[in-house]
Amino acid sequence: MWILAIIFFQSILNVFSEDLRSSLYFVNASLQEVVFAINKGTMVPCPAAGIPPVMLRWYLATGEEIYDVPGIRHVHSNGTLQIFPSSPASFSNLIHDNTYYCTAENPSGKIRSQDVHIKAVLREPYSIRVEDQKAMRGDVAVFKCIIPASVVAYVTVVSWEKDTVSLVSGLRFIITSTGALYILDVQNEDGLYNYRCVTKHKYTEETRLSNGARLFVSDPVNSKPTILDGFDHRETMASQKVELPCKASGHPSPKYRWLKDKIPLEPDSRFQQTNTGLLIENTRPTDTGSYMCEVWNHYGSTELVGHLNVKRK
């Protein structure tokens with residue numbers, strides 16, 4: 001009897017030990033999109049692994065196992081999918097703008113990654129521009145860099161210039177996190193210069209310089225607030241910092257108040273009202289909601305409403 005019990009117990013240990021030695025797991029379960037410049041190519045490791053070593057395979061979302069295309073696409077023995085640098089003339093939707101997934105298989109079984117959209121960005125001509133603005137002396141002016149919709153997801157503002165001199169955020173000139181240029185306490189001399197934005201493409205690393213725009217300065221006139229810069233929707237990951245822009249002109253200078261889901265924001269060290277809007281430090285999923293920026297002076301009021309979505313890591 002004891003011998004049978006020992007044999008049975010040993011068999012359980014063997015199975016348990018085998019389970020510990022054999023496993024499958026994801027190493028990057030959040031991988032959903034890979035964007036790259038077609039002239040640079042990309043390497044995409046399979047986001048799955050296991051013990052003992054696994055067999056890794058890549059497929060199109062349709063279920064077709066992908067094949068090597070010499071000089072264009074190759075799957076390495078370690079499971080890394082490589083798309084080689086190529087010219088725009090070699091662009092193929094099937095290869096360069098498609099949805100893939102990979103599988104990992106060993107004695108433990110087989111797992112499938114989530115779909116991964118792999119997209120090559122072509123180098124294409126585009127221009128950016130800035131429009132002339134008007135502002136009262138002592139008020140605020142807002143310049144925005146207008147980027148074509150076709151590249152706005154990849155192009156960001158990296159700097160602003162006043163004539164040929166780069167501007168640095170300071171007391172009166174502020175470059176916001178969204179790329180706008182604020183000029184506070186506008187002075188007559190601010191109308192003597194040309195203002196230009198400089199952008200950079202995230203993947204091709206190309207830079208662009210906009211046209212020059214002028215600021216037309218007038219004498220102050222009593223007026224109700226007008227929103228110059230705001231937001232409709234912002235999205236960020238938890239634990240990050242996010243800025244919700246809200247800037248208005250008006251004379252006398254308007255006052256601001258922020259509400260979340262129609263409730264005034266309580267004092268909190270994570271929330272700070274700045275010259276550019278509302279700054280939220282160390283964001284949390286509970287910060288998700290509708291934010292209202294109320295603006296008023298003696299001659300009237302206005303409001304801005306936008307939504308913030310804070311995603312869990």
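Arg57, Glu65 and Glu105 are joined in a network of salt bridges. A salt bridge here is a side-chain nitrogen of Lys or Arg within 4 Å of a carboxyl oxygen of Asp or Glu, and that rule gives a count of 15. Keep in mind that this is a predicted model, where local features need pLDDT of at least 70, side-chain atom pairs count only at pLDDT 80 or more, and totals for chains, interfaces and linings use all residues. Residues are numbered from 1 along each chain as its sequence is written, and side-chain values use heavy atoms, with hydrogens and water left out.

## Three salt-bridge pairs up close

Take aspartate 97 and lysine 119: they form a salt bridge whose closest N and O atoms are 3.5 Å apart. Aspartate 97 sits in strand β8 (residues 97–106) and lysine 119 in strand β10 (residues 116–121), so the pair ties together parts 22 residues apart in sequence. Strands (E, at least two residues) and helices (H or I, at least four) are DSSP runs, numbered from the N terminus. Aspartate 97 is partly exposed at 25% relative accessibility, and lysine 119 is partly exposed too, at 22%. For those labels, buried means under 20% relative accessible area, exposed means over 50%, and partly exposed is in between (1.4 Å probe, protein chains only).

Next up, aspartate 190 and arginine 172 meet in a salt bridge at 2.9 Å, N to O. Aspartate 190 is in the loop between β16 (181–183) and β17 (195–201), and arginine 172 is in the loop between β14 (165–166) and β15 (173–175), so this pair ties together parts 18 residues apart in sequence. Aspartate 190 is buried, with a relative accessible area of 1%, while arginine 172 is partly exposed at 23%. Then there's lysine 260, which forms a salt bridge with aspartate 261, the closest N and O atoms being 3.2 Å apart. Lysine 260 counts as buried at 18%, whereas aspartate 261 is partly exposed at 39%.

## A nonpolar patch

On the surface, Tyr25, Val27 and Ile51 make up a nonpolar patch with about 270 Å² of accessible area together. Patch members have over 30% relative accessible area and no salt bridge; nonpolar side chains (Val, Leu, Ile, Met, Phe, Trp, Tyr) are joined within 5 Å, like charges within 9 Å. The areas come from the Shrake-Rupley method with a 1.4 Å probe, and for residues only the protein chains shown count as cover. Tyrosine 25 belongs to strand β1 (residues 23–26) and is partly exposed at 36%.

## The disulfides

Searching the whole structure turns up three disulfides, meaning pairs of cysteine sulfur atoms within 2.5 Å. With bonded cysteines counted along the chain, the pattern is 1-2, 3-4, 5-6. Cysteine 46 and cysteine 102 have their sulfur atoms 1.9 Å apart. Cysteine 46 lies in the loop between β3 (42–44) and β4 (48–51) and cysteine 102 in strand β8, so the link ties together parts 56 residues apart. The torsion about their S-S bond is about 70°, so this disulfide is right-handed.

Cysteine 145 and cysteine 197 pair up with sulfurs 2.0 Å apart, again right-handed, with 55° about the S-S bond. Both of these cysteines are buried. In the link of cysteine 246 and cysteine 293, the sulfurs are 2.1 Å apart, and -80° about the S-S bond makes the link left-handed. Cysteine 246 is buried, as is cysteine 293.
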